[in-house]
Amino acid sequence: MKFNETDIINVVIAGTAGQGVITLKRLIEFAAQKAKVDVILGSEMHGLAQREGAITSHTRYQKQAFEDPRKNLQSSLICYGDADLFICLEPVETLRRGIFASHKTSFVLNKRTIPGVMITADLEEYPSLEKIKEVLFGYSDKVYLMNATKLSLHHFNQNQQVNIIMLGFAIATGKLPFIEIEHYEEIIKEWLRNPEDNIKALYIGLEEGQKIINKN
Amino acid sequence: MLDKDNRFTDEEGKVLMLGNEAVVRGCLEAGISYVAQYPGTPTSDIGETFQKILNEQPKLREYLIHHWAINEAVASSECAGAAWTGCRVLNPMKHVGLNVASDPLSVIALNGPNPGAMVILVGADPGSLGSHQEQNERFYTWMLHFPCFEPHTPQECKGFSKLAFELSEKYDTVFEIRTSTRSAHSRGFVELEPIKKGKAKGEFERNIPKYNSLPPHAINNHIRLYERIEKIREKIPELGINRIISGTNKTGIITSGMPFGYTMEALNQLNLNDVPVLKLGMIYPLNYGEITNFIKDLDTVVIIEELEPFLEVKIAEIAQKEGIKTKVVGKTYFPKYNEFSTGLIATNLAKIFDKTPSIEMNNAIEYFNSYKEIIPSRFPTFCAGCPERATLYAILKATNHLENTVICGDIGCFVMSFFPPQECSDLIICMSGGLSAAIGMSTKTDQKVVAFIGDSTFLHTGMSPLAEAASYDSNVLLFIFENNWTAMTGHQPVLGLTEQKLSIEKICKAIGVNWLKIEDSYNPKHLISSIEEALEERGLKVIIIRRECALQAHRWRMQQIRKIEEEGRKVQRTYYHITGCQMCYECARILSCPAIRKTEEDGYDTMKIDEDRCVKCGVCYEICPNKAIHKSIIDALDVEVPFREI
């Protein structure tokens with residue numbers, strides 16, 4: 001797909017507390033600044049850190065603003081059905097934020113499930129990955145899954161890099177236009193501890209992501 | 001990684017900031033020298049940002065002080081004290097914090113902050129995204145006369161903060177910046193301007209009429225306050241903070257803050273490009289001429305604002321007084337509750353302008369509604385290893401699942417205790433409201449009355465109800481959760497307690513609590529018998545649960561382990577594992593630890609401990625009725641690193 005410079009790009013990032021949703025969102029926004037984007041607005045949820053809650057963030061940018069303010073990006077929240085890209089660190093969280101998706105949405109999902117307390121107590125049921133995929137295919141055919149947690153554990157012996165791997169995966173969809181991979185690298189060096197591992201994770205996500213997307 | 005956040009050191013350029021960060025930057029550019037606040041979402045990270053930059057730039061300490069205050073009322077008076085020596089001060093609080101601070105602020109507003117300047121920052125929370133309720137605290141600006149800015153972008157957060165200090169000093173008036181959970185935590189571009197050094201020292205000059213708002217000065221100061229507000233009202237058009245997006249439609253819109261962004265995007269979606277919009281940067285006071293000029297040629301003006309009609313009432317009043325026939329509408333179409341969104345505004349504007357909302361949006365809503373039942377709930381809950389969770393378990397066991405028992409909950413992490421599966425809180429009022437309600441309730445019922453309070457809340461406003469409960473020997477069992485941190489808002493220190501300068505135990509004794517036990521919920525059997533004993537007694541009983549917040553304790557322990565391993569020494573490791581599980585669900589539903597989940601092994605259902613989530617508190621091991629949870633210690637002869645004592 002081709003984007004115009006005046007298009008508003010809408011990204012929903014979802015996951016659970018402690019997975020690095022906010023870090024992932026910040027990296028996209030700061031990288032967009034490096035890419036000299038005119039308008040960036042994003043909204044993030046604070047206050048539930050580490051308490052197992054559902055976390056969602058919106059990030060939006062417009063490479064080139066119109067003269068007319070009525071046509072421009074004005075709100076940090078995405079309208080229902082208007083997301084171009086969903087980055088989901090936990091599968092069922094994609095469904096929870098589904099109201100922002102439509103036929104134009106590409107979905108990248110981490111396969112690793114994190115059950116809420118009602119699931120661990122065996123009082124509610126977690127839908128199967130097959131069922132989640134089936135619902136998402138009701139939106140669009142661009143539904144891609146990766147086991148980013150497994151990749152992170154394999155390459156780094158910890159799950160800290162899941163969000164960066166997922167960022168690489170998201171880049172592979174082409175739904176983060178005008179931001180180059182170098183911009184992300186610069187930002188990772190400026191803002192994250194352990195930049196070597198994180199840049200490596202970014203490329204792992206990108207390359208594995210390209211394989212998954214090309215296969216579909 | 002950069003060693004300093006250059007967004008708070010650079011003197012020029014364009015940077016990305018959250019609304020709260022932009023407020024801090026605005027304060028630095030305005031020459032601030034004192035900040036005091038009690039933490040509360042969505043304003044806690046203002047204090048964290050000040051703390052961070054004070055650590056990164058120690059030179060700022062020469063003139064800038066940030067205090068975590070003991071409560072909001074204390075913070076406001078602290079700020080006034082500093083302002084009255086001639087300093088510029090910021091006093092952040094959440095919307096309900098303003099209820100607590102309103103007592104001192106009602107007087108500080110009368111007196112005026114001169115020779116210094118005082119800005120209060122109030123974080124509203126439409127949609128109750130991080131609070132127990134969503135009150136529309138805008139009405140305080142009207143009642144206590146705080147001229148109030150409502151920023152929409154981080155750029156406005158910075159610009160309005162800076163302007164507020166100038167005006168506050170010039171007009172001897174307390175100004176307010178009103179953010180919301182959404183605007184405080186939205187990121188956007190901010191243009192930097194030079195940072196100004198604040199006053200290191202000032203001096204208080206005696207002025208009895210100004211600083212003693214008692215009769216007759218109280219009335220004079222009230223008159224003087226009105227004069228100042230009128231001067232500010234006249235000045236508004238020159239400030240350039242309200243703006244008009246012009247259009248020829250006979251129906252116009254007045255809005256402010258975050259709803260402005262949703263409104264603009266909704267108008268664009270509906271192709272309503274001729275609707276004039278007045279965006280108010282200042283919501284109190286309003287300039288009559290500005291409002292009149294905008295509405296006089298319209299047939300209808302639609303006021304778009306979250307929660308109760310604040311602007312709508314004021315604008316209708318102006319129209320009525322000026323004899324303007326324009327119809328003022330708002331809450332006829334828009335809800336008085338919950339947060340707004342572009343979708344909600346588009347749907348309602350479509351009705352007003354007889355348009356059809358976008359098909360994509362309607363399809364999105366319809367499709368989402370068709371499957372939403374399969375989404376499992378995921379509410380916030382206590383972390384693995386939380387001492388509060390283990391206490392709730394002990395209470396459930398000691399009371400036979402709350403039989404004939406009422407739990408008066410409170411604010412803190414345990415505000416989550418009403419959620420299933422534990423459902424261990426019957427009511428919530430406000431900070432320390434649980435104990436206060438328990439005092440009254442216990443006189444009128446024979447049920448067992450239990451109340452909760454956290455350590456930070458105990459110091460905030462909890463000592464007073466405890467003193468009353470002790471005086472009346474109220475038949476209440478109070479749990480004080482001494483976990484050493486203001487945990488819910490992100491682990492700010494509990495003033496006095498975290499640095500171990502004060503003792504809640506000693507305070508309780510001094511207040512006159514005779515039945516007092518210190519318990520550790522990691523020893524649940526002992527705790528259960530103490531609760532049983534307490535509930536047999538009449539009169540006031542206090543159990544202090546002394547155990548550090550598991551998140552902080554786990555972080556500390558992992559740090560120690562890393563340090564010891566770096567020194568080349570080995571550390572003893574403890575593991576818990578489940579074999580022979582009888583599926584009684586004691587661990588998963590009554591303790592309800594999130595690190596334990598059901599799985600299948602060799603065709604049988606069993607509970608299993610998630611190794612990466614377990615913090616080795618050992619409570620499940622202590623409570624398993626079937627002895628199916630086992631403990632193994634690996635390298636038992638190596639260094640043991642237990643949780644630290646507090």
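Helices (H or I, at least four residues) and strands (E, at least two) are DSSP runs, numbered from the N terminus. This is a predicted model, in which local features need pLDDT of at least 70 and side-chain atom pairs count only at pLDDT 80 or more, while totals for chains, interfaces and linings use all residues. Residues are numbered from 1 along each chain as its sequence is written, and chains are lettered from A and ligands numbered from 1 in the order in which they are written.

**View 1. Two cis peptide bonds of chain B.** B:Pro216 lies in the loop between helix H8 (208-211) and helix H9 (217-239) of chain B. The peptide bond that joins B:Pro215 to B:Pro216 is cis, with omega about 0°. A cis peptide bond also links B:Thr41 and B:Pro42, where omega is about 10°. B:Pro42 sits in the loop between E2 and H2 of chain B.

**View 2. Strand E2 of chain B and its partners.** Two strands are said to pair if DSSP finds at least two bridges between them. E2(B) (residues 34-37) runs parallel to strand E3 (residues 65-68) of chain B, and four bridges join the two. B:Tyr34 has B:Ile65 of E3(B) as its bridge partner. E2(B) also pairs in the parallel sense with strand E4 (residues 88-94) of chain B, over two bridges. There, the bridge partner of B:Val35 is B:Leu90. Together with helix H2 (residues 44-56) of chain B, E2(B) and E3(B) form a right-handed β-α-β unit. A crossover is right-handed if, with the strands pointing away from the viewer, the path from the first strand over the helix to the second runs clockwise.

In a regular strand the side chains alternate between the two faces of the sheet. B:Tyr34 and B:Ala36 point one way from E2(B), B:Val35 and B:Gln37 point the other way, and all are buried. A residue is buried if 20 or more other C-beta atoms lie within 10 Å of its own, exposed if 12 or fewer, and partly exposed in between, with C-beta atoms placed from the backbone.

**View 3. The surroundings of B:Cys614.** B:Cys614 is placed in the loop between strand E24 (604-609) and helix H22 (619-623) of chain B. B:Cys614 counts as buried because it has 21 C-beta neighbours inside 10 Å. Residues are in contact if their C-beta atoms, placed from the backbone, lie within 7 Å. Leaving aside residues up to four places away in sequence, B:Cys614 touches B:Ala384, B:Tyr576, B:Ala595 and B:Ile609. B:Pro594 is 20 residues from B:Cys614 along the chain, and their C-alpha atoms are separated by 8.6 Å.

**View 4. Two loop residues with positive phi.** A:Phe178 is not a glycine, yet its phi is positive, at about 75°. A:Phe178 belongs to the loop between helix H6 (162-172) and helix H7 (181-191) of chain A. A:Phe178 is partly exposed, because 17 other C-beta atoms lie within 10 Å. B:Asn400, also a residue other than glycine, has a positive phi near 50°. B:Asn400 is in the loop between H15 and strand E15 (405-408) of chain B. With 9 C-beta neighbours inside 10 Å, B:Asn400 counts as exposed.

**View 5. Where chain B meets chain A.** In this contact, 55 residues of chain B meet 57 residues of chain A. On the side of chain B, two or more residues each come from strand E8 (186-192), helix H10 (257-269), helix H13 (342-353), helix H14 (359-371), helix H21 (586-590) and strand E23 (596-601). H14(B) gives the largest share of that side, eight residues. The residues of the side of chain B that touches chain A comprise 28 nonpolar, 17 polar and 10 charged. Here Ala, Val, Leu, Ile, Met, Phe, Trp, Tyr, Cys and Pro count as nonpolar, Asp, Glu, Lys and Arg as charged, and the others, Gly among them, as polar. Strand E2 (residues 39-43) of chain A pairs with E8(B) in the antiparallel sense over two bridges. In this pairing, A:Ser43 stands opposite B:Ser186 of E8(B).

Note on methods. Contact = placed C-beta atoms within 7 Å.
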